[in-house]
Amino acid sequence: MKKYKIAIIKGDGIGPEIVDETIKVLDSVSTKHGFSLSYKEYLLGGEAYDVYGDPAPEETLEGVKNTDAVLFGAIGGEKWDTLPRDKRPETGLLKLRKALGVYANLRPVTVYDELINASTLKPNVIKGVDLLVVRELIGGIYFGEPRALEEDRAYNTMVYSRDEIKRIAKKAFEIAKQRRGKVTSVDKANVLEVSQLWREVVEEVAKDYSDVTLEHMYVDNAAMQIIRDPKQFDVILTSNIFGDILSDEASMLSGSIGLLPSASIGDRYGLYEPIHGSAPDIAGQGIANPIATIASAAMMLRYQLKEEKAANCIENAIKKVLKDGYRTKDISSFDAKEIVTTYEMGSLIAQYVSKE
Ligand code: IPM
Ligand code: MG
């Protein structure tokens, strides 16, 4: 029997609740598909700061490298908001991504037919949307030097090397080949030099993929087009900060940010996390939606552990649970048969998995 070691980082806010439900589903799917998972917990973010005085303890950064994949909940909260940047929970997450070398962040946006009315957009605009944001994750303005907060001014640097652009562009084209064969590269080349280089390198990479169509779009226009006509997109290739912003925007196509998973991959390690944050305002109330994290676990099975059938099984179970009208609070005003807690949603998906 295949055995996989999974690093678990629950994090702050709703992190522990949504990860616990995900583990339930993983246990169910592994039993069903004949492999075994063992879990080891690591601290990161605010909780790690409280224990170690460091949001990204060495023990975590090194420890997770001895596992097959990392499943992550969420980090951050008001309690840590006034700390200097290097102590903030967010810095912990950025250090983890960097340590794992996970340069490609894949954020699929699919609209569940069952939740078509959950979106603030009209059904005819979003029905059939199936796009993937490929966000560069360990470079750009998030990491650029020099950076400083001085008394009367502050600055950051948006920097990309040719190699960094090349590897993320390749990833986007490879994925587009398996999908509908279109890459929209999003930049701000009319203003930023870093985007000019981005465009040049993406053009070069495109030459190796004659079966994929490439178009360029300025980020301001892309922000508008995602709302105007999201179906025009297949793969959106973009930098760290533009991808951060556009993926939150795109999540609203699906009705709730609580639905969207992500996979962060590199040459070796993989980190799987929902795209939403730690939502401290609703933590501990049992109303958080665990679906984004559960769907991230499905991506982990597919991309990291190559357990494609198990991944499909989880995704089908999510669809069926929604189809049968079970809703957490965030999506409860739309065709709900029964409003369920975080815990109940996890149990339902785990049950449906075993029945798949
Ligand atoms: C995300 C989050 C993070 C990011 C924060 C928490 C550092 O917004 O994963 O999108 O900006 O990458
Ligand atoms: Mg974000």
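Author: The shell around ligand 1 takes at least three residues from each of domain 1 (1-110 + 256-356) and domain 2 (130-252), with bounds from an automatic or database domain assignment. This is a predicted model, in which local features need pLDDT of at least 70, side-chain atom pairs count only at pLDDT 80 or more, and totals for chains, interfaces and linings use all residues. Residues are numbered from 1 along each chain as its sequence is written, chains are lettered from A and ligands numbered from 1 in the order in which they are written, and side-chain values use heavy atoms, with hydrogens and water left out.
Reader: Which residues surround ligand 1?
Author: Glu90, Arg97, Arg107, Arg135, Tyr142 and Asp244 do, each with a heavy atom within 4 Å of the ligand.
Reader: And what polar distances does Tyr142 show to ligand 1?
Author: A polar side-chain atom of Tyr142 is 2.5 Å from an oxygen atom of ligand 1. For Arg97, a side-chain N or O atom lies 2.7 Å from a ligand 1 oxygen, and for Asp244 the corresponding distance is 2.9 Å.
Reader: Changing topic, how many cavities of 30 Å³ or more are there?
Author: There is one. Its volume is the space filled by probe spheres set on grid points joined across faces, edges and corners, and the largest cavity holds about 50 Å³.

Technical notes: A polar contact is a pair of N or O atoms within 3.5 Å; within protein, one must be able to donate a hydrogen and the other to accept it, and residues adjacent in sequence count only if both atoms are side-chain atoms. On a 1 Å grid over the protein atoms alone, a cavity is a set of points where a 1.4 Å probe fits but cannot get out, and a pocket is an open set with protein on both sides within 12 Å along at least five of seven lines; lining residues have an atom within 4 Å of a point.
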